[in-house]
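Student: Could you take me through how the strands and a helix of this model are arranged, one question at a time?

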Amino acid sequence: MRKVAIITDSNSGITQEMGKELGIYVLPMPFTIDGKEFFEGITLTQKEFYEKLVQDADIATSQPSPESVLELWEGALKEYEEVVHIPMSSGLSGSCETAIALAQDFDGRVQVVNNQRISITQRRSVIDAIALADQGKSAVEIREQLEAERLESSIYITLTTLKYLKKGGRITPAAAAIGTMLRLKPVLQIQGEKLDAFSKARTLNQAKTTMIDAIRNDIENRFGGLDAHEVYLDIAHTNNEAEAERFRAEVEEAFPGYKVGYVDPLSLSVSCHIGDGALAIAATKIHAG
């Protein structure tokens with residue numbers, strides 16, 4: 001049995017059931033929908049979330065309560081010597097800083113990883129952490145390695161609507177109106193802390209080509225040129241599984257020898273800001289294992 005417990009949150013895309021299979025703990029993220037609190041994967045399913053989203057419900061994300069975090073850590077420490085906690089990016093939520101502050105009372109037994117990942121790249125960090133723990137690495141060693149690799153991942157996302165970026169104040173109403181009129185499909189990136197603009201396209205095919213080219217550039221330049229066994233390629237989507245599967249085939253054709261690992265729903269915390277119908281591709285440099 002591992003000496004180190006691995007804990008993440010549901011922003012990783014790891015469900016409660018997957019967490020049990022992997023032998024890890026998953027902290028459910030809370031959402032407020034029309035004033036009522038829900039917990040991802042516990043009292044709120046992906047289907048229910050998107051039904052509420054398209055109905056223009058008032059949806060807000062929030063941090064897990066300190067009590068829920070502490071309860072999870074204390075339970076894990078009854079079975080393990082140490083804990084590695086891998087939350088979503090500190091640039092997208094305050095939950096990482098809160099966890100770091102709470103961990104100070106655990107005399108080093110709880111290590112909080114601030115490696116600026118979310119969704120499928122966060123999930124890959126969890127998989128790496130499991131591999132490192134299985135190799136006998138300590139919680140500090142696991143945290144240090146994951147944080148050293150924080151910028152060695154990229155996510156590119158294309159949207160079908162500008163509605164939610166406007167609603168969240170990420171673009172102005174005028175920019176949203178012009179973009180909608182011109183039928184622009186923005187391509188966003190998560191590379192490090194934040195969700196940022198990357199490019200614009202007129203069609204879905206153009207957007208997908210832009211994302212594939214961006215990933216290829218990252219592999220060849222940011223990551224220093226990687227073979228197929230040195231990088232994870234993953235696909236994600238927001239309520240758009242059929243198109244995501246088609247995109248998987250296109251990505252594997254564009255990268256001969258590489259295999260797409262996961263085709264997963266994007267984190268609901270990201271989905272709040274981009275709406276349904278989005279497609280994403282991620283590349284993550286492989287280290288552990």
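Predicted model: local features only at pLDDT ≥ 70, side-chain atom pairs only at ≥ 80, totals over all residues.

Student: Which residue in the turn of the S3 and S4 hairpin has a positive phi?

Tutor: S3 and S4 form a hairpin with two residues between them. In that turn, a positive phi of about 50 degrees belongs to Asp34.

Student: Which residue of S5 does Thr32 stand opposite?

Tutor: S3 also pairs with strand S5 (residues 59–61), in the antiparallel sense and over three bridges. Within S5, the residue opposite Thr32 is Ala60.

Student: Why is strand S6 described as largely enclosed by the rest of the structure?

Tutor: Strand S6 (residues 82–86) has parallel pairings with S1 (residues 4–9), over five bridges, and with S7 (residues 110–112), over three bridges. Glu82, Val84 and Ile86 point one way from S6, while Val83 and His85 point the other way, and all are buried. S6 is therefore largely enclosed, the number of its residues that are buried being five of the five.

Student: How far apart are the end C-alpha atoms of helix H5?

Tutor: H5 (residues 119–134) has 16 residues, and at 1.5 Å a residue it should span 22 Å.

Student: How many of the 16 residues of H5 are buried?

Tutor: Buried here means under 20% relative accessible area. H5 is mostly covered, and the number of its 16 residues that are buried is 14.

Technical notes. Residues numbered from 1 in each chain as written. Heavy atoms only, no water. Helix = DSSP H or I, 4+ residues; strand = E, 2+ residues; numbered from the N terminus. Expected span 1.5 Å × (residues − 1). Buried < 20%, exposed > 50% of the residue type's maximum accessible area, 1.4 Å probe, protein only. Pairing = 2+ DSSP bridges.
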